[in-house]
Amino acid sequence: MDMMDIIENYESVVRSYVRSFPTVFEKARGSYLYNTEGEAFLDFFAGASVMNYGHNHPELKKALLDYLSNDNVVHSLDMASVMRARFLETFHDRILKPRGMNHRVQFPGPTGTNAVESALKIARKATGRPGVVAFTNAFHGMTLGSLSVTGNQFKRDGAGVPLSYTESMPYDSYFGDDFDTIDYLEKMLQDGGSGVGHPSAVIVETVQAEGGVNVASGEWLRKLQDCCRRNDMLFMIDDIQTGNGRTGHYFSFEEFGLDPDVVTVSKSISGFGFPLSIVLVKPEYDIWEPGEHNGTFRGFNPAMVTAKRAIELFWSDDSFANEVQEKSKHVRARLAALVEKYPEAQGTVRGRGMMQAVAFENEDIAGAISQHCFKRNMIIETAGPNDEVLKLLPPLTTEMDDLDRGLDLIEESLRAVLADMGIGGHQPAANQ
Ligand SMILES: Cc1ncc(COP(=O)(O)O)c(C=O)c1O
């Protein structure tokens with residue numbers, strides 16, 4: 001059987017990205033994926049920000065192969081291993097300490113949603129209160145706790161049971177720029193008649209990636225942190241998609257001087273595409289009994305090999321962060337020029353760092369651009385409740401020429417989509 005037929009026949013219908021990008025990938029290097037025909041696809045999705053340092057980075061691969069070829073331990077539950085100690089030391093010395101963070105590191109299980117589940121448990125156990133505040137259009141994962149703090153109704157419906165003990169509050173600018181949603185939250189928390197009670201914590205993304213690349217301002221985030229302090233609630237940041245340099249700094253919150261009590265990190269932490277996830281928790285909230293939160297795959301040694309090497313390579317000084325910030329400015333400027341050149345597309349640029357996006361009034365445009373880009377051998381995804389946002393997530397290591405190539409392909413695809421839709425008098429795609 002043809003390989004795609006095998007997948008279609010044998011794998012559950014729940015599969016999704018294979019439907020948007022229907023080709024069989026075989027190899028990957030840097031910012032490119034290659035299918036079985038050897039065709040190169042420019043990757044502006046990076047596994048939803050898992051591949052921030054590009055595919056099969058040679059230095060990370062070398063560290064991994066050296067580790068494996070010496071029969072070093074691969075699986076060790078959470079028993080002590082050399083690699084566990086080395087990773088923790090590097091993460092402490094090069095990431096936490098320079099940022100004045102004294103958080104402890106918990107390994108909650110390999111995926112992002114494992115980290116979110118742990119964070120929710122920590123808040124509830126530390127305060128003895130079950131409620132958690134989450135935000136409109138938030139995305140925190142697909143297990144029951146994470147779904148209960150996720151906004152998207154389609155995903156929530158998949159739970160099949162009521163999702164409880166959470167309050168959904170409006171994110172920054174949810175009601176437009178003139179409505180202060182933190183004032184609203186504060187009122188709901190203070191008013192004995194609001195029905196909200198006294199939640200244990202707030203969980204927030206600094207940029208809502210899946211929710212449509214909604215960017216919270218530094219001021220809003222600081223007010224949120226103050227609100228948590230005033231109301232005796234833990235301030236928890238989900239940095240799973242925005243962390244590891246995606247917004248131009250290691251953590252997405254550091255440029256605003258925030259001091260979260262709990263931080264969830266995953267996706268690009270291993271640097272190589274291995275599942276690895278951590279929860280950073282201030283010592284005063286590290287209140288677990290030994291083994292109270294358990295799991296077989298907590299801290300996979302090979303993932304810690306590449307995670308440690310990635311930190312050494314990219315986060316020993318500011319040069320990589322500066323490079324990412326420069327590239328981000330370029331991408332942002334080109335997108336701004338694009339929406340100005342095609343006003344009929346009614347696009348708005350949004351994002352932070354190397355998570356930039358264009359939101360379109362016409363909700364069909366972003367998906368159609370993604371499909372046209374795929375025809376031009378490029379992978380780019382959509383976001384937002386109605387997939388109305390085209391989200392650019394190239395690896396942070398993407399060379400300037402490839403960034404420009406991708407941006408050219410986006411423009412070509414936009415022109416083709418406008419023509420297909422009969423918007424603005426563009427020529428049909430076939431003629432381009
Ligand atoms: C902000 C955020 N939190 C949590 C998750 C869940 O991570 P995972 O899919 O690894 O469970 C995601 C995944 O996209 C995410 O973007």
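I began with the domain assignment, which gives domain 1 (3–56 + 319–431) and domain 2 (72–314). I note that this is a predicted model.

Next I looked up the spacing of the two domains. Taken over C-alpha atoms, the centres of domain 1 and domain 2 are 27 Å apart. I then counted the contact: domain 1 puts in 26 residues and domain 2 puts in 23 residues.

Which elements give two or more residues to the side of domain 1 that touches domain 2? I listed helix 3 (46–49), helix 12 (319–341), strand 13 (347–352), strand 14 (355–360) and strand 17 (389–392). Helix 12 has the largest share of that side, with 5 residues. I also sorted this side of domain 1 by class: 15 residues are nonpolar, 8 are polar and 3 are charged.

I turned to backbone angles. Val 213 is not a glycine, yet I found a positive phi of about 55° there. I placed Val 213 in the loop between strand 8 (207–208) and strand 9 (214–215). Is Val 213 buried or exposed? I put Val 213 down as buried, because it has 24 C-beta neighbours inside 10 Å and the cut-off for buried is 20 or more.

Asn 244 was my next entry. Its phi is near 55°, a positive value in a residue other than glycine. I located Asn 244 in the loop between strand 10 (234–238) and strand 11 (262–265). How many C-beta neighbours does Asn 244 have inside 10 Å? I noted 30, so Asn 244 counts as buried.

Methods. Residues numbered from 1 in each chain as written. Predicted model: local features only at pLDDT ≥ 70, side-chain atom pairs only at ≥ 80, totals over all residues. Helix = DSSP H or I, 4+ residues; strand = E, 2+ residues; numbered from the N terminus. Buried ≥ 20, exposed ≤ 12 C-beta atoms within 10 Å, placed from the backbone. Domains from an automatic or database assignment. Contact = placed C-beta atoms within 7 Å. Nonpolar A, V, L, I, M, F, W, Y, C, P; charged D, E, K, R; others polar.
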